[in-house]
Amino acid sequence: MMIDLLSWICLSLGGLLGIIGGIGMHRFPDFYTRLHAAGTTDTLCATLFLLGLGLQAGLTLASFKLFLIFAFIFFTSPTASHSLANAAMLGGVKPWTRKND
Amino acid sequence: MMYTVAILAILVTILLALTRALMGPTVYDRIAAINMLGTKTILLIAVFAFVTGRHDLLDIALVYALINFIGIVAVLKLVEHGNFYTDGNNVGKGEE
């Protein structure tokens, strides 16, 4: 079945991306790089998961709700990351450079 | 089978984010980790709705998406100002 195969690909890519973001959360040296790892993978991971689920649902009310969740995450996740970085900058967290390692 | 793999991947990610939230050096690290955990919780509820076949659970996932964003912004305001009732013009001065 073609739809199932596409759904498999979307869900496993999304899961892989989420785990990569979680590993990046641990391996990067300071807050801003960790926020980069978390913030960039979060949006695409959620998109792939919701796309994979929406392929299973077809054109129903469930896929419309999935689209609503996607639209909300698509706008709020970068906004939350931006306000986090802004608050950390105002709070005095210094960005990591090579010399103060 | 497909949903099992997805749920396992989400749970591993939640575990990684939770350890970062517990041992993060600054408070912003913890907030970023909790933000990530909240997004993964939304996805977990959405996948769970498809596992059980009860598509009503997607409404709960939608409400979680709303609450997650509002909660992160509220916690950031609390960390920055120390309270919820001052506006942005008197940062760090406390009550006026």
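This is a predicted model: local features need pLDDT of at least 70, side-chain atom pairs count only at pLDDT 80 or more; totals for chains, interfaces and linings use all residues.
## Confidence and conventions

pLDDT is the predictor's confidence in each residue, on a scale from 0 to 100. Chain B averages 86 on it, with 89% of its residues at 70 or more. For the complex, the predictor gives an ipTM of 0.88 and a pTM of 0.87.

Residues are numbered from 1 along each chain as its sequence is written, while chains are lettered from A and ligands numbered from 1 in the order in which they are written.

## The two chains

Chain A has three helices and zero strands, where helices are DSSP runs of H or I with at least four residues, strands are E runs of at least two, and both are numbered from the N terminus. Its elements run α-α-α from the N terminus on. The C-alpha atoms of chain A fill a box of roughly 55 × 25 × 10 Å along the principal axes.

Buried residues make up 40% of the 101 residues in chain A and 34% of the 96 residues in chain B. Here, buried calls for 20 or more other C-beta atoms within 10 Å of a residue's own, exposed for 12 or fewer, and partly exposed is in between, with C-beta atoms placed from the backbone.

## Where the chains meet

The contact between the chains takes 39 residues from chain A and 37 residues from chain B; two residues are in contact if their C-beta atoms, placed from the backbone, lie within 7 Å. On the chain A side, helices H1 (2-27), H2 (31-57) and H3 (61-90) each supply at least two residues. H3(A) gives the most, with 15 residues. By class, that side has 24 nonpolar, twelve polar and three charged residues (nonpolar: Ala, Val, Leu, Ile, Met, Phe, Trp, Tyr, Cys and Pro; charged: Asp, Glu, Lys and Arg; polar: the others, Gly among them).

## Nonpolar cores

A nonpolar core is a set of buried Ala, Val, Leu, Ile, Met, Phe, Trp, Tyr and Cys residues joined through C-beta atoms within 7 Å. The largest one has 30 residues, and those touching the most other members include Phe49(A), Leu66(A), Ile42(B) and Ala61(B). H1, H2 and H3 of chain A and H1 (2-23), H2 and H3 of chain B each supply at least two residues of this core. Its largest share, eight residues, comes from H2(A). Another core, of 19 residues, lies apart from it, with Phe31(A), Ala33(B), Ile72(B) and Leu76(B) among them.

Leaving aside neighbours within four places in sequence, Leu66(A) is in contact with residues on both chains, including Leu50(A), Ala57(A), Ala46(B) and Leu58(B).

## A look at H3 of chain B

H3(B) has 25 residues and reaches 36 Å from its first C-alpha to its last, close to the 36 Å expected (1.5 Å times one less than its number of residues). Its buried residues include Leu58(B), Tyr64(B), Asn68(B) and Phe69(B). Their cover includes H3 of chain A and H2 (27-52) of chain B.

Val73(B) is found in this helix, residues 57-81, and is partly exposed because it has 16 other C-beta atoms within 10 Å. After H3(B) comes Gly82(B), with a positive phi near 85 degrees.
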